[in-house]
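Please open the model in your viewer and keep the selection panel at hand.

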Amino acid sequence: MPTPTKDSLMNENDTPERYAPLVDALVARGWYQWPRALSTSLCQALLAEAEQHEADGHLEPAGVGRGVIHQVNATIRRDEIKWFDGRTAAQKAYLDQMAELQTYLNRSLFLGLFEYECHFARYQPGGFYKKHLDSFRGRASRMVSVVCYLNPEWQADWGGELVIYGENAEDSGDIRAVITPEMGKLVVFMSESMPHEVLPTQHPRTSIAGWFRCNTSVTGKIDPPK
Ligand SMILES: O=C(O)CCC(=O)C(=O)O
Ligand SMILES: [Fe+2]
């Protein structure tokens with residue numbers, strides 16, 4: 001099979017206006033679920049990369065916290081990750097779509113997003129990620145979270161759903177969405193206000209987790225990514 005080019009992985013007829021319902025939902029309720037947002041050819045290419053990283057032993061246990069307080073804690077999360085380096089056609093095509101979304105979000109919501117970071121994530125059977133926020137309140141940095149799922153023919157009884165809760169993280173009864181991780185689905189939510197968790201999966205579960213960040217530079221120091 002010839003190596004796909006970036007353009008061959010993009011959908012034709014994709015206009016930025018397709019992001020309008022996403023932005024409306026983010027404003028109204030803080031999250032949006034978009035089945036079949038990405039082309040199957042792009043998702044398959046990304047899945048193949050993630051599986052190759054796993055076969056090559058290039059995934060690393062994910063941690064919690066950033067910078068000096070970054071630590072691996074298997075009671076909180078059990079996925080393995082690989083950060084994008086933007087070198088392959090598939091990564092470039094995905095990053096192009098995120099750049100387009102970033103432009104659209106900035107134009108419509110004036111969010112001042114200036115950077116996007118993302119990694120592949122692989123959850124093995126038994127893997128989970130307990131309820132958390134992607135950004136600490138008051139230290140705004142990660143503003144908008146985007147998860148893309150890469151699992152063809154996901155079965156309803158395999159677990160591994162993403163559960164999104166209301167703003168009060170203590171209230172576990174306030175479930176806003178239970179989302180299955182089907183290939184091509186994009187989930188977008190506000191990083192500071194939507195607690196969420198990944199329920200234990202019974203089947204290997206592959207995704208791309210990413211974040212749009214705003215500049216939180218303090219006294220000239222730019223927050224370190226990751
Ligand atoms: O994979 C998912 O559904 C969400 C992952 C997540 O919450 C994270 O990586 O911060
Ligand atoms: Fe998260």
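**First stop: a strand pair**

Select strand β3 (residues 79–83) together with strand β4 (residues 113–123); the two pair in the antiparallel sense over five bridges. Within this pair, display D79, which stands opposite Y123 in β4. The coordinates viewed here belong to a predicted model.

**The seven-stranded sheet**

Now extend the selection to the sheet that contains β3 and β4. It is an open sheet of seven strands in the order β1-β9-β6-β11-β4-β3-β2, and its pairing is antiparallel. At the edges stand β1 and β2; each has a single partner strand, so one side of each is left without a neighbour in the sheet.

Strand β1 (residues 31–34) has the highest confidence, at a mean of 98, whereas strand β2 (residues 60–61) has the lowest, at 92. For the chain, the mean pLDDT is 88, and 86% of the residues reach 70 or more. For the complex, the predictor gives an ipTM of 0.99 and a pTM of 0.88.

**The four-stranded sheet**

Next, select β5, β10, β7 and β8. These four strands form an open sheet in the order β5-β10-β7-β8, with antiparallel pairing. Which strands stand at the edges of this sheet? They are β5 (129–132) and β8 (175–179), and because each has a single partner strand, one side of each is left without a neighbour in the sheet. From one strand to the next, the twist averages 10 degrees.

Proceed across the sheet one pair at a time:

- β5 and β10 pair in the antiparallel sense over two bridges; here Y129 stands opposite V198 in β10.
- β7 and β10 pair in the antiparallel sense over three bridges; here L162 stands opposite V198 in β10.
- Strand β7 (residues 162–165) and β8 pair in the antiparallel sense over four bridges; here Y165 stands opposite I175 in β8.

Which residues lie around ligand 1? They are A121, Y129, D134, V147, L162, H196, V198, S207 and A209. The elements that give two or more residues to this shell are β10 (196–198) and β11 (205–214). Colouring the shell by residue class shows six nonpolar residues, two polar and one charged.

**Last stop: a helix pair**

Finally, select helix α2 (residues 40–55) and helix α3 (residues 89–109). Two packed helices are described by the angle between their axes and the distance between the axes. For α2 and α3, the angle is about 125 degrees, and the axes are 9 Å apart. The two helices are therefore oblique to each other. The crossing of α2 and α3 is left-handed.

Definitions and conventions: Residues numbered from 1 in each chain as written. Chains lettered and ligands numbered in written order. Predicted model: local features only at pLDDT ≥ 70, side-chain atom pairs only at ≥ 80, totals over all residues. pLDDT = per-residue confidence, 0-100. Near = placed C-beta within 6 Å. Nonpolar A, V, L, I, M, F, W, Y, C, P; charged D, E, K, R; others polar. Pairing = 2+ DSSP bridges. Axes fitted to C-alpha atoms, helices over the stretch in contact; angles between N-to-C directions. Parallel < 35°, antiparallel > 145°, perpendicular 65-115°, else oblique. Left-handed = near helix turned anticlockwise from the far one by under 90°.
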